[in-house]
Amino acid sequence: MLQRQGRLSLSWEGDRHASLRGLPDLDSGAVTSPFALRAYLNTCTFGYTSPWWDWARWSREIDLMAARGVDTPLAMEGQEYVWAQLWRESGLADGEIAASLSAAPFLPWQRMGNIAGYRAPLSATWIARKHRLQGQILARMRALGMKPILPAFSGYVPEAFARRHPEARIYRMRAWEGFPGTYWLDPSDPLFAKLARRFIEIYTKTYGPGEYYLADAFNEMVPPIAEDGSDAAKASYGDSTANSAANSAATRAAALPPQVRDARLAAYGERLYASITAAAPRATWVMQGWLFGADKTFWTPEAIRAFLSRVPNERMLILDIGNDRYPGIWARTDAFDGKNWVYGYVHNYGGSNPVYGDLEFYRRDLGALAGNPQAGHLRGFGLFPEGLHSNSIVYAYAYDLAWGQSAQAPLAEWLRPYLRARYGTASPALVAAWQDIVRGAYATRYWSPRWWQEEAGAYLLFKRPSLLGADYPPAPGDRAALHQGLAALIAAAPRPWPRLLAYDIVDLARHEASLRLDQDLSAAVAAYRAGDVARGDAAAARAKALAHDIDALIGGQQETLGSWLAQARAYGTTPAEQASFVTQAKAVVTVWGGAGHLSDYASRAWQGLYRGYYWPRWALFLEDQRAAAIAHRPFDEAASLARIRAFEQEWLSDGKLWPGQAPADPAAAVARVLAEADHD
């Protein structure tokens, strides 16, 4: 109600509190949601955003959850403390356990079974700190009446455990994104039930009991249903040279008679559920439904039905998280064949932060879902971002929709009190400017170019350089409407700019300028490729100037490369640990790892990265292109890429901390960047 009256705004970027004097004598009556549950967070969030959070930051996030009415958030911190105890009880030495656990920013993918031991060992002090932190997190969540979703055992075991148990049905899974295959214990093996039960027993003793337990056994992984558990079958997964065989699991599975495939999937689902309730009899098994959209070839409606078939409907909760990218899974599966489920959107991938979202889509989509007789046992709504701290308007609007607020009203009616609460003013000109901004930027359901030609990165500048950049497609959205709306917003802004209005103007200017920078980059690549050195030089010079001006502009935003590295460094207790954490923090937002296409997946529009990482890579590439054009010789793209990779590795370990520096005059910095971006 306070936001609707324009008196209170809460967001990642900061709060604004207006006077509470003169409150109207108003009883709003009961405020209810059409959704019994409001879920939040993604397993990946704990790597892309929160690996270095302290209690103050977590406390703040929990308060924001409560303000939005979130009651079933994921709570994934602190589980490595339990893993370590479980594996110690299983006979593994502390060194083996540490070597099996990935570095902090990469742990979510270890928890889901995609990787193991990447950039190991995991710091013992980090584990201890997160152990204490999880106790505080759960206490606050429970005090607020939330029912956090806790981790369960999904079958993945350390390589050292697999070697100690050659008799067990343990499969070497496929190589995810070029990482070595991980080890998965078949739920039919007696060891599975024992480990799963003991994990929850230790977890309960450590953190208290839960109602919801998350177990994602096959996140972007192929279930080994083509094998029968024999020694020969295990060898095809277990042999260290057999990754190619493991990667053909889907082909072998497709050749199986459907009844064989379905029986094995049904057995997996049944035993995963039973392993949770053996230690927590009243628990509900929770799983993310991402895999059903990410691999439609394997997860046909029949395969999904089989996997879920032996789990009681009321004791399962499927988080159907990807309806902004993979819509309609629930419709193709008869609403997950009677299971309880939560509808939602990922919205953010990797913490990458172009300005985007689709407010009108959310309104129409949730409106069509409400009361749909085909929705079965729909119980909740949620947002499941892989990373936080960008596009906060999306989260404010979507959770208001989840409470039925403004669901049928025109967006302008919601914008007016939202802007008044955020800025302290909502003049007709300001509202009109934001309507243009929504048309220009917030009408994009999924930021498609961020994964283009198998290369990640929110903008072309953020992608590892390639000759393909000459053909980079236009960004989604209406550039003209965005330009018009931003200009109108600046014209309508009171002077001096209110703090949150200044924040939004800077963010929008950064985004518009980044789109123009991409055009210049693409033009430079095309010109040098055509041998037009003069045109290439002009385009490259414009791109460089924009990269440096944008970098100077965004030093006052919530996050910079320097703030991210400072958080990581603060988690260390020794100089060596601090240096290691800084390198890990750099890696996850740049090169990531593996032999796949994860480089720049978590690209960030941060000060320090524009001038210190993204532009230097492109400068090397354009320099090599230019030299080839002048010498009238073929461009050696492979050699140039080798130089770039060498630069990336040197940058990771150079020890630089890139402290942030806010512009002294944000309005002047915005004007300079927009003038540079507005050239013909």
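Entry 1, the model. I am working with a predicted model, in which local features need pLDDT of at least 70, side-chain atom pairs count only at pLDDT 80 or more, and totals for chains, interfaces and linings use all residues. Residues are numbered from 1 along each chain as its sequence is written, and side-chain values use heavy atoms, with hydrogens and water left out.

I looked up helix 3 (residues 79-89) and helix 8 (residues 190-207), which pack at an angle of about 130° with their axes 10 Å apart; helices are DSSP runs of H or I with at least four residues, and strands are E runs of at least two, numbered from the N terminus. The axes are lines fitted to C-alpha atoms over the stretch in contact, and angles run from 0 to 180 degrees between N-to-C directions. I noted the residues that meet (heavy atoms within 4.5 Å), among them Tyr 81, Trp 83 and Trp 87 in helix 3 and Leu 195, Phe 199 and Tyr 203 in helix 8.

I found an open sheet of 3 strands in the order 6-8-7 with antiparallel pairing, where two strands pair if DSSP finds at least two bridges between them. Strand 6 (156-157) and strand 7 (170-172) are the edge strands, and 3 bridges join strand 7 to strand 8 (residues 183-185). For Arg 172, I recorded Tyr 183 in strand 8 as the bridge partner.

I located Asp 400 in helix 18 (residues 392-402), and Asp 400 counts as buried because its relative accessibility is 14%, buried being under 20% relative accessible area, exposed over 50% and partly exposed in between (1.4 Å probe, protein chains only). The C-alpha atoms of Asp 400 and Gly 69 are separated by 9.0 Å, although these residues are 331 residues apart along the chain.
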